[in-house]
Every structure is written in structure tokens, then in C-alpha cells.
Amino acid sequence: MAPRFFIKTFGCQMNEHDSEKMAGVLLSCGFERAESEKEAEVIILNTCAVREKPVNKVYSELGRFKKTDKIVGVCGCVAQKEKKRLMERMPHVKFVIGPRNIYKIGEAVSKAFEGKKSLFVEQNGRCPITDLSYPVSRNNPYRAYITIMEGCDNFCSYCIVPFVRGREVSRPSRDILEEARRLADEGYREITLLGQNVNSYGKGLEEKIDFAKLLEKLHEIDGIEWIRFITSHPKDFSERLIEAVTTLPKVCEYIHLPAQSGSDRILELMNRKYTRQKYLEIIEKIKGAGKYFAFTSDFIVGFPTETEEDFEMTLDLIKEVEYEGVFAFVYNPREFTKACSWEDDIPLQVKKERLKRLLEVQDEITQKMSKSYIGRVVDVLFEDFDEENGELLGRTRTFKMVKVKGDKSHLGNIVKIKITDAKMYELRGEMAGR
Ligand code: SAM
Ligand code: SF4
Ligand code: F3S
């Protein structure tokens with residue numbers, strides 16, 4: 001029997017998709033997928049370095065495997081951050097592979113079986129994306145991720161991502177369109193375009209293209225019904241893009257637009273390159289275009305020098321936008337970043353208290369926004385079936401989870417559902433027209 005691998009993924013959608021790519025490469029090399037960690041001969045941790053917590057988790061996970069005879073490797077952002085240091089600290093680790101080298105996973109695993117160690121990391125150069133010929137083993141048969149760019153050039157003062165994911169590089173549109181067409185042929189209904197800053201797409205490419213144009217081109221592909229993208233940056237949300245997202249019917253009414261703070265002073269220190277007013281203008285223009293749009297966001301609380309007044313401006317922004325949900329984090333100094341050299345002057349107690357207050361404000365809004373779905377008829381793409389309860393699981397165009405009693409025949413279909421009940425993160429409904 002071929003050796004079996006198990007990939008444990010931490011971090012963002014980019015990492016989730018990288019794990020799908022690594023699984024594709026390993027399967028094509030003849031390895032098999034294990035159903036659980038226990039059954040696997042090869043354990044791969046695809047890691048996240050954005051905050052200290054996920055990094056610590058990696059080290060504690062690695063500690064667990066010290067005494068096993070399993071082959072253990074580390075990929076992703078911690079691998080790129082720690083490089084050789086990781087192997088020195090954890091000698092049982094057989095390979096360390098940064099995000100831009102994940103295609104070497106087959107080679108690294110094969111070498112590990114010969115008792116050899118591998119280190120594949122980048123020096124953060126502007127390396128082109130050349131991944132097209134590699135197979136991808138996708139986790140979902142109806143919704144697919146497509147990488148449109150790698151890396152980030154924004155250098156927000158708190159963020160380690162540009163240092164571990166390298167410089168921003170866009171993928172040629174021809175390759176993206178080819179992948180989308182192939183996905184449509186394979187029966188995928190929805191695509192999510194991935195990048196740390198998708199709306200600066202096109203920078204550095206020879207062809208004359210921007211993100212709005214890419215959306216228009218993808219829109220023409222028959223079979224792809226819904227298009228999403230993550231993450232867009234407020235500084236690059238042009239009028240052209242607002243026009244595209246509000247008028248192209250396949251572009252879903254869901255926008256994750258991280259604000260990070262509601263205070264202009266903090267936004268400037270964060271090097272975000274937009275003001276609160278500019279941010280609100282984008283939201284208002286999209287809301288004003290005549291369709292209901294769901295917004296979500298990321299926030300950091302307790303950034304160096306953040307006063308109670310700054311924080312209240314963040315709360316105020318949250319109330320004004322009425323997000324369907326937010327991800328909020330306590331500021332955590334990260335190696336290499338500009339803010340890391342500043343005093344981390346907000347006591348942890350204060351940071352935690354602000355986070356709690358922020359989440360309380362948001363929870364109330366999330367409840368309200370969820371309840372507002374009751375009585376509405378919405379399109380849902382069903383992607384999973386819960387055998388035990390006889391329930392279909394799917395998502396609305398606004399990315400809300402919906403559960404409906406039904407049968408498997410609706411899997412992969414977009415169905416009109418009347419929403420009858422709403423919890424914070426989950427809606428319930430019935431087939432409309434019954
Ligand atoms: N590229 C996206 C953007 O511009 O918003 C996402 C970047 S990051 C992978 C995801 C989120 O982690 C950020 O939006 C930010 O809220 C949070 N984050 C990044 N660095 C952080 C830090 N040092 N401390 C706390 N949260 C952080
Ligand atoms: Fe980090 Fe800013 Fe780049 Fe997002 S845009 S990945 S927050 S540096
Ligand atoms: Fe984490 Fe790397 Fe994503 S640091 S959030 S896995 S880009």
C-alpha cells in the first residue's frame with residue numbers, strides 16, 4: 001500500500017487552497033490520502049504566522065510528533081518565517097517548505113522516505129506564478145478557489161504577510177481563465193478568487209488588465225454561476241470596480257473589506273492608505289447601487305497608542321456599516337514589521353476588554369442582520385448533505401450558511417429558499433414555492 005499523508009491546515013483561505021494544491025501533487029506522485037492523522041505515515045502542517053498563537057500551536061503540534069515514527073514536515077508561512085531555524089529547533093522535522101515552493105512537496109516526501117531532509121524556502125523575490133500544470137485535489141465539488149495573485153506589497157505596519165508570502169505577483173489572466181473554464185467543465189458552479197489584495201490585480205503584468213476587467217472576463221464563462229473574491233483592500237476599490245461588482249450578475253453580493261480601525265490616526269500608523277471617510281464612501285456607493293450587499297471586515301484592537309477615543313471610533317464604524325460579521329484580533333507584535341519596533345503600550349487587559357466590547361456590539365448587529373433574512377426568498381447553492389438529520393447545507397450569495405430539510409438530489413444546485421428562521425451564523429428555510 002502506498003504511504004498515506006494527512007495535511008493539517010492553519011490560517012487563511014490561501015493556505016486552505018495551498019493544501020489542496022499539495023494534496024493534488026502528492027496524489028499524482030502516488031501517495032494516498034489518510035482519513036485521519038492516526039492512519040497517516042506522513043503528517044504535513046500547513047502553517048500560519050500572522051499572530052503568535054498559531055505559531056505556538058505549530059510548535060506544540062510538532063512536539064506531539066517527536067516520539068512517533070511518522071514523517072513530519074512543515075509548510076506555509078511559519079516554514080518561510082523560521083526557515084532552517086525550525087529544523088534546528090525540531091530535529092525530527094523532515095522538510096520545511098515555504099508557500100512559494102509547495103509544488104516541491106512530492107520531492108520532499110520522497111526524499112524523507114530515503115532519510116534525507118529538505119529545505120525549500122524563497123528569499124522573498126518577485127517570483128512568477130508557474131503552477132498551472134500541477135494537479136489540485138479540491139475539498140469541495142461545487143465551490144472552487146482560484147489563485148489570482150501571490151504575495152503582498154502593502155506592508156501594513158503590523159503585518160508579517162509580505163515577509164512570508166513574498167512580493168505581490170499577479171497571475172496572467174489567460175491562466176486564470178483557463179482554470180475557470182476547466183472548473184466549469186468539471187461541474188463547479190462557484191469560484192472564489194484568492195489573493196491578499198485582489199483588487200490590485202494586474203500590477204506588473206505585461207497585459208493591460210485590472211481586477212474589474214478580470215471579473216468581466218470571468219463573467220463570460222458558461223457554467224460558472226457565482227463569483228466571489230477575497231480579500232479586497234479599501235485603498236484599491238476603484239469606481240470601475242464598484243461598477244463591476246454592483247452590475248455583473250454573477251458577482252455575489254458579499255464583500256469582505258477589512259477596515260482594521262475606525263480612527264484615521266490609527267489607520268495612518270497602520271499604513272493602510274485610506275481614511276475612515278474613504279472607506280465609508282465605498283460602502284455607501286455599493287449599498288446605494290440598489291442590491292442588498294453583505295459586508296464583513298477584520299479589525300485589530302489595542303494597536304500601539306490606540307486611545308479609548310480611537311477605539312470608540314472603531315465601534316462607531318461597525319455600527320454605521322452594519323456588517324454581517326467581523327473577525328477581530330488583539331494586536332500582536334510581529335517580527336520584521338515596522339510596528340514591532342514601537343512600544344506595545346496597550347496593556348493586555350485593556351486589549352482584551354476592547355475586544356470583548358467590540359464583539360458584543362457586533363453580535364447584536366449580527367443577530368439583527370441574520371433575523372432580517374426571515375421571510376426573504378434567497379438563492380442557495382447546496383454543497384453538503386447531513387445524512388443523520390436529512391438536511392441539505394448550502395450558502396447564500398451573501399455567504400450565509402443555510403440548512404434545509406431535503407434530499408441529496410439538490411446537491412450542486414442553486415435553489416430558491418424561503419428563510420423561516422435565523423440564528424447568528426446559520427439560517428433555516430424551506431424550498432420556495434411549496
Ligand atoms: N490581506 C488582508 C487584508 O489586507 O486585510 C488580510 C490580511 S491577514 C492574513 C488577516 C487579518 O489578520 C488582518 O486583516 C488583520 O486584521 C489581522 N492581523 C494581521 N496582523 C496582525 C497582528 N500583528 N496582530 C493582530 N492581528 C493581525
Ligand atoms: Fe497584511 Fe496589509 Fe498585505 Fe493584508 S494588505 S496581507 S494586512 S500587509
Ligand atoms: Fe496566515 Fe500566511 Fe494566511 S500568515 S493568514 S496563512 S498568508
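Predicted model: local features only at pLDDT ≥ 70, side-chain atom pairs only at ≥ 80, totals over all residues.

Trainee: What makes a space a cavity, and what makes it a pocket?

Mentor: On a 1 Å grid over the protein atoms alone, a cavity is a set of points where a 1.4 Å probe fits but cannot get out, whereas a pocket is an open set with protein on both sides within 12 Å along at least five of seven lines. The search of the whole structure finds 2 cavities of 30 Å³ or more. The second largest cavity has a volume of about 30 Å³, a volume being the space filled by probe spheres set on points joined across faces, edges and corners.

Trainee: Which residues line the second largest cavity?

Mentor: Its lining consists of M14, H17, D18, K21, T147, M149, E150, R165 and L194, where a lining residue has an atom within 4 Å of a point. Helices (H or I, at least four residues) and strands (E, at least two) are DSSP runs numbered from the N terminus.

Trainee: Which elements contribute to the second largest pocket?

Mentor: The second largest pocket holds about 290 Å³ of space, and R51, E52, A328, V330 and K352 are among the residues that line it. Helix 2 (52–64), strand 14 and helix 13 (348–371) each give two or more residues to that lining. At least three lining residues come from each of domain 1 and domain 2.

Trainee: In which sense do strand 13 and strand 14 pair?

Mentor: Two strands pair if DSSP finds at least two bridges between them. Strand 13 (residues 294–301) and strand 14 (residues 325–330) have 6 bridges and pair in the parallel sense; V301, for example, has V330 as its bridge partner. Strand 16 (residues 391–396) and strand 17 (residues 401–405) pair in the antiparallel sense over 5 bridges, with K403 as the partner of L393. Strand 17 also runs parallel to strand 19 (residues 426–431), joined by 4 bridges, and there K403 has R428 as its partner.

Trainee: Why is the pair of F211 and F229 given its name?

Mentor: The structure holds 13 aromatic pairs. Rings of Phe, Tyr and Trp (its six-membered ring) pair if their centres lie within 6.5 Å; planes under 30 degrees apart count as stacked, over 60 as edge-to-face and the rest as tilted. The centres of F211 and F229 are 5.1 Å apart and their planes stand at 80 degrees, so the pair is edge-to-face. F211 lies in helix 8 (residues 211–219) and F229 in strand 11 (residues 226–230), so the pair ties together parts that are 18 residues apart in sequence.

Trainee: What makes some backbone angles worth noting?

Mentor: Most residues other than glycine have a negative phi, and most peptide bonds are trans. The bond from I230 to T231, however, is cis, with omega near 5 degrees, and T231 is in the loop between strand 11 and helix 9 (239–247). N271 has a positive phi near 60 degrees, in the loop between helix 10 (264–269) and helix 11 (276–287). F399 likewise takes a positive phi, near 70 degrees, in the hairpin of strand 16 and strand 17, which has 4 residues between the strands.

Methods
Residues numbered from 1 in each chain as written. Chains lettered and ligands numbered in written order. Heavy atoms only, no water. Domains from an automatic or database assignment.
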